[in-house]
Amino acid sequence: MIPASSLTAPILVTGVSGFVGAAVARALAAEGHHVRGLVRASSPRGNLVDFPGTLVEGDLRDPAAVARAIAGVAAVFHVAADYRLWARDPEEIVANNRDTTRIVMRAALDAGVRRIVYTSSVATILPDPAGAADESRPATEATVVGAYKRSKVVAERLVEAMIRDEGLPAIIVHPSTPIGPGDVKPTPTGRIIVEAANGRIPAFVDSGLNLVHVDDVARGHLLAMAEGRIGGHYILGGQDVTLADMLATVARAVGRKPPTIGLPRGPLFPLAWVSEQIARVTGKEPMLTRDALRMARHAMYYSSAKAERELGYRARPHEAAVADAVAWFRAAGMIG
C-alpha cells in the first residue's frame, strides 16, 4: 500500500472541470498534494476558478497529450467520463469512454505510475431485487440499459484486463449518485434537484436511488489510493432513498410542498419518445428518456459496506447532501 502522505510528486486528475473530478482535486489539495489537472481547451471553466494546482491543456483522445500530462506524476485519478444518458449517436458515448480510458491507462502504465484510481460507476453493478447490491454483481454489456452504462462496463473490463494481464496498478471505485456543490452542468440528478426545487416536478414514478455527497465520494477516492487493494472494486455510496423521499427532501429544503402523485411508467414512454425526437432536432439532452424509464423499473440501491470495512469510508446523511446541493444551485442562480 502507498499512503497518500508518501506521494510527494504531482498527482494527475482527469476530468477536473467536471463535478466529481473537481471535488477530487479539492480533496487532494486539502491534504497538501500538488495537483495537476488535465483539461481540454474547450472545457467549461466554472469549476476551474481558483483551481488548487496546475492545469495542463490536452485532449484525452490524444495519446501524446496524455503522455505529457502523466510524465513525472506519482499517481493518477482517471475521473473524466462522457456522462450523458442520451446522445444523437449513442455509440459516441461508448467510444469516448472506452478509448479515453485505454489511452490514460496505457500512458500511466508506460510511465511507471505507482498508483491509479479509476472512477467507474455503480452503473456497472447489477441492482439486486432483494435489496442493496454490492460489488459481487458485475454487469455485462448485455445486461445494462443505455449507452452510458454500456460504455462504463466496456471501459471497466478494459481496466480489469490491464490489471490482470499487464500489472496495471489500478483500484476501481464505483460512485453511486453524487450530489452537492460544483454541479455546474448539472448532472442528470442535479437537473432533477433544480427542477424539483423550482416546483416543476409535480409527480414521480416508483423508483429509488443511492444518494451520496460529492465530497464524500472525493474522500473515498483518496482512501482508495491509500488503502485500496490493486484490482479491488469499491462502491462509494451514501443512503438508499426512494425518488418520492428525495423529492420531499428537496421540497423541505426550499419550503415547498412535496409532490404526492405517483405515476405508472408505461404511459410515460410515448412522452419520452417525443422528448427524444425534439432533442434530436435541438441537440439538447431530453429531460425524460425511454432508457431512464427502463432503468427506473429497479430501485438502484447499493451497499458501501466493503469500502467502509476495507478503506474506512463513511458518508453523511442524504439530507445534508441535498441541502448542500440546493444551497449551491441557489447561489449559482439555478433555483429561484
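Colleague: Is Tyr-83 buried, partly exposed or exposed?
Modeller: This is a predicted model: local features need pLDDT of at least 70, side-chain atom pairs count only at pLDDT 80 or more, and totals for chains, interfaces and linings use all residues. Residues are numbered from 1 along each chain as its sequence is written, and side-chain values use heavy atoms, leaving out hydrogens and water. Buried means under 20% relative accessible area, exposed over 50%, partly exposed in between (1.4 Å probe, protein chains only). Tyr-83 has 32% relative accessibility, so it counts as partly exposed.

Colleague: How many aromatic pairs does a search of the whole structure find?
Modeller: Rings of Phe, Tyr and Trp (its six-membered ring) pair if their centres lie within 6.5 Å. Planes under 30 degrees apart are stacked, over 60 edge-to-face, and the rest tilted. Across the whole structure, the number of pairs is two.

Colleague: What is the angle between the planes of Tyr-83 and Tyr-148?
Modeller: These two rings form a tilted pair. Their centres are 4.8 Å apart, and the angle between the planes is 45 degrees.

Colleague: How many residues apart are Tyr-83 and Tyr-148?
Modeller: Tyr-83 sits in the loop between β4 (75-78) and α3 (90-110), and Tyr-148 in helix α4 (residues 147-166). Helices (H or I, at least four residues) and strands (E, at least two) are DSSP runs, numbered from the N terminus. The pair links distant parts of the chain, 65 residues apart.

Colleague: Is Tyr-148 buried or exposed?
Modeller: Look at its relative accessible area, 11%. Tyr-148 is therefore buried.

Colleague: What kind of aromatic pair do Trp-328 and Phe-329 form?
Modeller: Their centres are 5.6 Å apart. The planes make 75 degrees, and the pair is edge-to-face.

Colleague: Which residue's backbone nitrogen does the side chain of Asn-210 reach?
Modeller: Asn-210 lies in strand β9 (residues 208-213). At 0% relative accessibility, it counts as buried. A polar atom of its side chain lies 3.2 Å from the backbone oxygen of Tyr-302. At 2.7 Å, the side chain of Asn-210 reaches the backbone nitrogen of Gly-238.

Colleague: How many nonpolar residues are in the lining of the second largest pocket?
Modeller: Ala, Val, Leu, Ile, Met, Phe, Trp, Tyr, Cys and Pro count as nonpolar, Asp, Glu, Lys and Arg as charged, and the others, Gly among them, as polar. The lining has two polar and four charged residues, and the nonpolar ones number eleven.

Notes
Polar contact = N/O pair within 3.5 Å; in protein donor to acceptor, adjacent residues only side chain to side chain.
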